Each structure stands twice: as C-alpha cells, then as structure tokens.
Amino acid sequence: MTKKIDVVIVGTGAAGLFCALHFPENVQVLMICKSDVDKSDSYLAQGGICMLRDEEDYQGYFDDTMRAGHYENDAASVEVMIRSSQKIAEQLMAFGVDFEQDGDGLVFTREGGHSRPRILFHKDCTGKEITSTLLENVRQRKNVQMMEHTMMLDIISDGKRCYGIVVQDSTGDVQVIQAKYTVFACGGLGGLYQHTTNYRHITGDAVAIAKKHGIALKHVGYVQIHPTTLYSEKPGRRFLISESVRGEGAVLLNKNKERFCDELLPRDVVTAAIHRQMEEDDMPFVWLSMEKIPEEEIRSHFPNILQQCLEEGYDPTRECIPVVPAQHYFMGGIQVNLSSRTSMEALYAIGETSCNGVHGKNRLASNSLLESLVFAERAAAEISGMVGEGHFADIAGLTDMRQYQDVNRLQEDYKKIVLDEIEKEC
Ligand SMILES: Cc1cc2nc3c(=O)[nH]c(=O)nc-3n(C[C@H](O)[C@H](O)[C@H](O)COP(=O)(O)OP(=O)(O)OC[C@H]3O[C@@H](n4cnc5c(N)ncnc54)[C@H](O)[C@@H]3O)c2cc1C
C-alpha cells in the first residue's frame, strides 16, 4: 500500500508538532509516531524553556551556552536560537501555553550553568504544558493527519534525494509513504541505555537510518548524563529531579551529609563530581537536600517531583532524597544547517535527533525545547517555499521490501549501528 503526501513528519514531540503548525493550510502533512501521540520526551520536560530577558542579557546568555558546550558550539546556531527566543515564547503563549506569571509579568527561574534566571516554566511540568497545547492546536488543523503506533523502518532514497519513508503501521502492515519532503523529529536515543530519563521507545532510529544511507552525522559521541535522577532499585525509566530544584537552593550532600560541590555548575561538571563522591563513599547515590527551599515553594513549584518522591517513600520537605546520574540528552545527531536541512535532498531533521551544533559538547539546561522549536519553524519555512515545486518520483526499484520482513531484527540492527557509532566517537 502506498500513501502520497506533501510532507511527512516522523515524531510528535515538541519539534514535530511545532513544525506541523507552521505549514500553510494548503500543504498536506502526515505525522507519525512510534507509540501513543503523547508519549514523547517533550512531555517529560520539567524545568522550563529559556528566553532572552532583554538586550543586556544577550552576551550573558550566549556566554553561558558556549561555556556549557565547552566552546564546541556553532556560534551562528546559538545566535539564531537566542535571537528567536522571545518570538517563540510569544508564539507559545498565543497557542495557549500558560507560563508562570506574577503581578509584574513573566516569572523566570534559574538552572545550572545560567548566570541569571531566564527560564520560563509551568510548575514542574513545562514540557507537558507546551506539548499538550501544541497537540491541541495541531488536532484543529485540517491539513494535518496523524498515525499513532506507526514506526519508521527506513527512508526511500536513490542515495541523493529522499522520496519518503517505509513504516510498520498499527496493524503490523508494512507500507510506503511517498512524500515530497520528509522531516525527522524522532528525539534522542535514551532507550538504548539501561539508566535513562527518556522513554524506552526513543532509540535513535533516525540516526541509524541516516548512517545506513550515508547521511552526514555530527558529534554522535556527545551524550549528556543528567546529574540528578531519583535513585531507585526498580527497573525502567529514571525519574528526573530537575535542575531548577538546585536553582532554587537544593544542595548535594555526601554520605556524612556534607556539601561536596557547587550545584549550579554545568551538568557534566556536577555529574563528574557526583560520580567521584559515590566512589569515595562507596555508595550507589548521593543525597539531595531541599531544606533551604520553603515547603510552600516545593509544593507550588515542584508538585510532580514531590509526588513522585512520596511514592518512592521519601518526603523531600522533611528529609534528603537519594539521587544518581543517568543518561538524559543527545547533543549530537544528524548534521543539519540553519534551516535544518540534512546532507540528503528533501530530508530535514529537527529537535533532539538533529545536530546544528547549538549545544556543543554539553547542553545548557532548558535550551533544548527552545532549540527544537526555533529550528522546527525554520524547517517548515524553507519547505513551505519549495513544496509547490516538489514532485512524487517513480520509486519502483528504490527499496527492497524483503528487508522489512523481520522488524524486531531490524530494530536490533539499528540499535547496534547507533551504539557502535557512539563508541567510535567517544
Ligand atoms: C525527563 C526529561 C526532562 C527534560 N526537561 C527539559 C527541560 O526542562 N527543558 C528543556 O529544554 N528540555 C528538557 N528535556 C529535553 C527535551 O524534552 C527534549 O530534548 C525535547 O523535547 C526533544 O523533543 P523532540 O521533539 O526532538 O523529541 P521527542 O519529544 O522525544 O519526540 C520524539 C518523537 O519521535 C517519535 N519516534 C521516534 N522514533 C520513531 C520511529 N522510528 N518511527 C516513528 N516515530 C518515531 C516518538 O514516538 C516521538 O513521538 C527533558 C527531557 C527529559 C527526558
């Protein structure tokens, strides 16, 4: 079976949804996702989304991003991201996103690596607020269709241009979706790791498919470990204790309940300090104390974190909680330019699966939602300008469908491709 569509977007996280919303109504868009439409890492974002406060903040924000990224960031991408941030925040609020406000306007919080508070938030579930609002807006668009539980297995390509994708749909059938333009918005790769804050089905599929087709990748070895996830002996996804908890005053303690590092240094530095301390203490975790944060603030700003800790048997308003680093974010990915174009014609990549170099070697907290949205809009703008001239090619003979007979095996092969690539680059 073959479907034909102007644009296919693979992924329904913040990047994919924001991209879909920026196509005019005469462009037919199909979005697919591997699991339920709301099972994306974008929903899990807690801390918030950065916004340039004012012109005086520009240099500080730029320097903080570059310092966190060990100056391996692409300066032009960083500039585009920061300069677009106020417009993105305005667009989100116009779509209906509710950021924390007081009598003076928007309220900003702070996270590690930031020299001043510049993060917009909605309690401790900013990702859910943003992504569910974008999803509601997408559902109202007549030109956007969605297919859940539909997994991209491959692209269709002659080695030069992308003509669409091959998917396994929710009934188990393998089908071809021919598209004038294809956008990868497949998120990161945390599902490849035993300890991760990501959903298990987010496994870097687009990166494997890109590698298979010789599409340029960048910084694939740059994988971020988040310093503070709630320690648990249970298997499965690790629950994040947002950096904004430390931004609001929580401190890290060793087994004797003594502080051992500056909690607001960039993530990789704090992670290294925790690993050293765990080894010295011969403990599988360190402690995080929220004693300095007023109880009312914990209840109002961090209700989900409080709830999750209580469910695990810890009351952070009264006692320390055990925390441990876990895989969190992928700075590398499919190499793209400032319009999110990959090295293959008619193929774009946005969000965590792409790499425009904005994060360098280490992402600054709360820059990823922003980066996803800024460069998703840029992809939609470029594609919209060309889609009228795009064409459906004769794809007969471009792909051998027999290779998709054993989807489980294909998935395992893809996981190995990505893990090998990470190992090679580290
Ligand atoms: C716990 C947690 C907290 C975070 N907190 C913050 C924060 O406070 N601020 C911030 O800026 N960032 C935060 N992040 C990072 C941020 O949420 C993500 O980087 C960002 O949302 C990525 O968005 P995305 O759209 O690229 O991918 P995702 O939101 O992960 O979406 C990926 C989509 O791709 C689909 N997909 C994947 N593979 C396939 C396939 N083969 N076929 C079909 N569909 C596929 C998935 O089903 C999903 O719909 C956090 C991340 C986590 C995990």
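**Ground rules**

I number residues from 1 along each chain as its sequence is written. Since this is a predicted model, local features need pLDDT of at least 70 and side-chain atom pairs count only at pLDDT 80 or more, while totals for chains, interfaces and linings use all residues.

**Domains**

I began with the division of the chain. I found domain 1 (2–222 + 331–425) and domain 2 (225–325). The bounds come from an automatic or database domain assignment. The centres of the two domains, taken over C-alpha atoms, are 29 Å apart. Next I looked up the contacts across the boundary: 22 residues of domain 1 touch 23 residues of domain 2. Two residues are in contact if their C-beta atoms, placed from the backbone, lie within 7 Å. On the domain 1 side I noted seven nonpolar, 10 polar and five charged residues. Here Ala, Val, Leu, Ile, Met, Phe, Trp, Tyr, Cys and Pro are nonpolar, Asp, Glu, Lys and Arg are charged, and the others, Gly among them, are polar.

**The ligand shell**

Which residues are closest to the ligand? I found Gly11, Gly13, Gly47, Gly187 and Gly351, out of 41 residues that surround the ligand. A residue is near a molecule or strand if its C-beta atom, placed from the backbone, lies within 6 Å of it. By class, the shell has 16 nonpolar, 21 polar and four charged residues. I then listed elements that each supply at least two residues of the shell: α1 (14–21), α2 (41–44), α5 (126–139), β8 (151–157) and α11 (368–386). Helices (H or I, at least four residues) and strands (E, at least two) are DSSP runs, numbered from the N terminus.

I looked up Ile202 in the loop between β10 (174–184) and α6 (205–212). Is Ile202 buried or exposed? Ile202 is buried, because 25 other C-beta atoms lie within 10 Å. A residue is buried with 20 or more other C-beta atoms within 10 Å of its own, exposed with 12 or fewer, and partly exposed in between; these C-beta atoms are placed from the backbone. Setting aside neighbours within four places in sequence, Ile202 contacts Asp41, Gly187, Gly188, Leu189, Gly190 and Gly191.

Gly48 sits in the loop between α2 and β3 (49–50). Gly48 has 31 other C-beta atoms within 10 Å, so Gly48 is buried. Beyond neighbours within four places in sequence, the contacts of Gly48 include Thr109, Phe121, Ser244 and Ser366.

**Cores**

In general, nonpolar side chains tend to be buried together in soluble globular proteins. I looked up the largest nonpolar core and found 95 residues. A nonpolar core is a set of buried Ala, Val, Leu, Ile, Met, Phe, Trp, Tyr and Cys residues joined through C-beta atoms within 7 Å. Val7, Ile9, Val10, Cys19, Ala20, Val183 and Ile350 have the most contacts inside this core. Helix α11 gives the most to this core, with nine residues. A second, separate core has 25 residues, among them Ile225, Ile241, Phe302 and Cys309. I went back to Ile9: leaving out residues up to four places away, Ile9 touches Gly16, Cys19, Ala20, Val29, Met31, Val183 and Ala185.

**Strands**

Why is strand β15 (residues 321–330) largely enclosed by the rest of the structure? Nine of its 10 residues are buried, so the rest of the structure largely encloses β15. Strand β12 (residues 223–230) runs antiparallel to β15, joined by six bridges. Two strands pair if DSSP finds at least two bridges between them. Gln224 stands opposite Tyr329 in β15. Strand β14 (residues 286–289) also pairs with β15, antiparallel, over three bridges. There Leu288 faces Ile321 in β15.

I then traced an open sheet of three strands, in the order β11-β16-β18 with mixed pairing. Its edge strands, β11 (217–218) and β18 (354–355), each pair on one side only. Strand β16 (residues 333–335) is parallel to β18, with two bridges. Ile334 is opposite Ser354 in β18.

**Positive phi**

Lys123 is not a glycine, yet its phi is positive, near 45 degrees. Lys123 lies in the loop between β6 (119–120) and α5. Lys123 is partly exposed because it has 17 C-beta neighbours inside 10 Å. His149, also not a glycine, has a positive phi of about 45 degrees. I placed His149 in the loop between β7 (144–147) and β8.
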